[in-house]
Amino acid sequence: MSLMELLTADMKAAMKQGEKARLSVIRLVRGAVRQAEIDGKKTLNDDEIINVIAKEVKMRRDSIEEFERGKRADLVEKTKAEIDILTPYLPAPLSPDEVKQIAEKAVAEVGAATAKDMGKVMRVLMPRIKGRADGKLVNEIIRSLLK
């Protein structure tokens, strides 16, 4: 079963069970996937759909920070619930230690020594951890390795 089929099946189940929040989030993600398909003029495969979902989760995490600064606890809780709904559709996240190990291999492959080589490392590293680690964490780890 493809990821889009899974989203559709889960949307139907949420409708039948009357789960309004879950239904709303799945509809938003399916809409984002459809928009990406229209923009790219092609049907997305599972990896591309994972990228769209990861982007939606990242947007929500960024929103949580803003809501916390604005002291909007109600919106923080709602957004966290949305992230909890989307997380099962993503691959299992990597731990910081796993990201560090993968980053060390990438640094060695590229032969990076200074912070100027960060772009080279990121080009090699990001496809390997796509959707499984937060970009901020990856950035911090690479910076610590390339002092």
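This is a predicted model: local features need pLDDT of at least 70, side-chain atom pairs count only at pLDDT 80 or more; totals for chains, interfaces and linings use all residues.
Guide: Residues are numbered from 1 along each chain as its sequence is written, and side-chain values use heavy atoms, with hydrogens and water left out.

Visitor: What makes up the pattern of the protein along the sequence?

Guide: The pattern reads α-α-α-α-α-α-α, with 7 helices and 0 strands. Helices are DSSP runs of H or I with at least four residues, strands are runs of E with at least two, and numbering starts at the N terminus.

Visitor: Why is valine 121 called buried?

Guide: Buried means under 20% relative accessible area, exposed over 50%, and partly exposed in between, using a 1.4 Å probe and protein chains only. Valine 121 has a relative accessible area of 0%, so it is buried. Valine 121 lies in helix α6. Leaving aside residues up to four places away in sequence, valine 121 touches Ala106, Val107, Val110, Ala112, Ile142 and Leu146; contact means heavy atoms within 4.5 Å.

Visitor: Why does arginine 123 count as exposed?

Guide: Arginine 123 is at 63% relative accessibility, so it counts as exposed. Arginine 123 also lies in helix α6, residues 118-129.

Visitor: How do you know that aspartate 10 forms a salt bridge with arginine 22?

Guide: A salt bridge is a side-chain nitrogen of Lys or Arg within 4 Å of a carboxyl oxygen of Asp or Glu. The closest N and O atoms of aspartate 10 and arginine 22 are 3.6 Å apart. Aspartate 10 is in helix α1 (residues 3-17) and arginine 22 in helix α2 (residues 20-40), so the pair ties together parts 12 residues apart in sequence. Aspartate 10 counts as buried at 16% relative accessibility, and arginine 22 as partly exposed at 29%.

Visitor: Why are glutamate 56 and arginine 60 separated by about one helical turn?

Guide: They are 4 residues apart in helix α3 (residues 46-69), which means a separation of about one helical turn. Glutamate 56 is buried at 12%, and arginine 60 is buried at 8%.

Visitor: What distance, N to O, goes with the salt bridge of glutamate 109 and arginine 128?

Guide: The distance is 2.7 Å. This pair links distant parts of the chain, 19 residues apart, with glutamate 109 in helix α5 (residues 96-110) and arginine 128 in helix α6. Glutamate 109 is exposed at 52%, whereas arginine 128 is partly exposed at 34%.
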